[in-house]
Amino acid sequence: MDITTTAGARTPVPAPRTARHPLGRTVRAYIALTKPRVLELLLVTTVPVMILAQGGFPSLWLVLATVIGGSMSAGSAAAFNMYLDRDIDAHMQRTENRPLVTGEVSPRGALVFAWTLAIVSTVWLWVTTNLLAAALSAGAIFFYVVIYTLILKRRTEQNIVWGGIAGCFPVVIGWSAVTGSLSWPPVILFVLVFLWTPPHYWPLSMKYKEQYDNVDVPMLGATRHGSQVGLHVILYTWATVVSSLLLIPVAGMGLVYTASALVFGGWFIYESHRLYNRAIRGTEPRPMRVFHASITYLTLLFVAIAVDPLLPF
């Protein structure tokens, strides 16, 4: 069945090119299917939570096993996503060089690659960590591929809100890999990442509004006026920062995390208000400032999560 039928796209799937490529280039193309820049955020949100769960450094082998399994799992979800979205990727400037569009990877090759990573990652985490971590990893793949990519992305402007749940799984996977269970601290961090995702992604969709409009993908940042998007970004940013503060009493966080949550959270809030204020004044809102600020905020906050348990204050 053609993917334009199952995913609801109007644009045709481009015919793959058949030119042969050198082995090194092919390997790089398959790596590109895993969205390596997204994997960086996976590391940022997984390892610090493992340190928090352990109350110190977990064994190096456990950290490596979890990171390897989590990377394969996230790479699988990304490859499925590129396979399913190859029709719209061909008509967006920011995605037109993805391997399935350029023909460096065939649709069949991408699908086999995605399924292989999904199966291997689940088995790997089951064997090297525990069943709960493996099940959560499989759930993350399912949520990103089925709930977000197939069901929500092309049907509702709230797609990234609920679809973003898939990006919350690394924190609970990291915690469960160490403890074999779940408790309130990883739940709070799950909620934090959930609330962080919209103000992270909506500014990006503002930047590429015309491209999303051209392929009929209703990202809120592309369907609403800048002032409305800015207000949504403010609300979710405040909620993100408030949820970060809940970790202080629940997990007994110390001075380093408390100061980081307040300072970096205040900066994130400032940038979100700046976006809104520029939008209501009719000037260029500069949404990529908030996009990059969101990445820096989350990175620094999770660094603080990693450092805090190692200090006596």
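**Loops and helices**

Author: Please bear in mind that this is a predicted model.

Reader: What is the phi of R286?

Author: R286 has a positive phi of about 50°, although it is not a glycine. Most residues other than glycine have a negative phi.

Reader: Is R286 buried, exposed or partly exposed?

Author: R286 has a relative accessible area of 42%, so it counts as partly exposed.

Reader: And where does D216 sit?

Author: D216 is in the loop between α12 (209–214) and α13 (220–223). D216 is not a glycine, yet its phi is positive, at about 60°. With a relative accessible area of 38%, D216 is partly exposed.

Reader: Let us turn to helix packing. At what angle do α8 and α10 cross?

Author: The axes of α8 (residues 131–152) and α10 (residues 169–179) cross at roughly 170° and come within 8 Å. An angle over 145 degrees counts as roughly antiparallel, and α8 and α10 are therefore roughly antiparallel to each other.

Reader: Which residues make that contact?

Author: From α8, the contact is made by L132, A133, L136, S137, G139, A140 and F143. From α10, the residues are F169, V172, I173, S176 and A177. By class, the contact of α8 with α10 has nine nonpolar residues, three polar and no charged ones.

Reader: What about α11; how many residues has it?

Author: Helix α11 (residues 184–207) has 24 residues. From its first C-alpha to its last, α11 reaches 36 Å, close to the 34 Å expected at 1.5 Å a residue.

Reader: Where does α11 bend?

Author: The bend is at W196 and amounts to about 25°. A proline, P198, follows within four residues.

Reader: How many residues of α11 are buried?

Author: In α11, 19 of the 24 residues are buried, so the helix is largely enclosed by the rest of the structure.

Reader: Now A29, please. Buried or exposed?

Author: A29, in helix α2 (residues 23–33), counts as buried because its relative accessibility is 4%.

Reader: What does A29 touch?

Author: Leaving aside residues up to four places away in sequence, A29 touches P99, E104 and V105.

Reader: Lastly, where is L235?

Author: L235 is in helix α14 (residues 226–251). At 53% relative accessibility, L235 counts as exposed. L235 and S272 are 37 residues apart in sequence and 9.0 Å apart in space, C-alpha to C-alpha.

Methods:
Residues are numbered from 1 along each chain as its sequence is written. This is a predicted model: local features need pLDDT of at least 70, side-chain atom pairs count only at pLDDT 80 or more; totals for chains, interfaces and linings use all residues. Side-chain values use heavy atoms; hydrogens and water are left out. Axes are lines fitted to C-alpha atoms, for helices over the stretch in contact, and angles run from 0 to 180 degrees between N-to-C directions. Helices (H or I, at least four residues) and strands (E, at least two) are DSSP runs, numbered from the N terminus. Angles under 35 degrees count as roughly parallel, over 145 as roughly antiparallel, 65 to 115 as roughly perpendicular and the rest as oblique. Contact means heavy atoms within 4.5 Å. Ala, Val, Leu, Ile, Met, Phe, Trp, Tyr, Cys and Pro count as nonpolar, Asp, Glu, Lys and Arg as charged, and the others, Gly among them, as polar. Buried means under 20% relative accessible area, exposed over 50%, partly exposed in between (1.4 Å probe, protein chains only). The expected span of a helix is 1.5 Å times one less than its number of residues. The bend at a residue is the angle between axes fitted to the seven residues ending there and the seven starting there.
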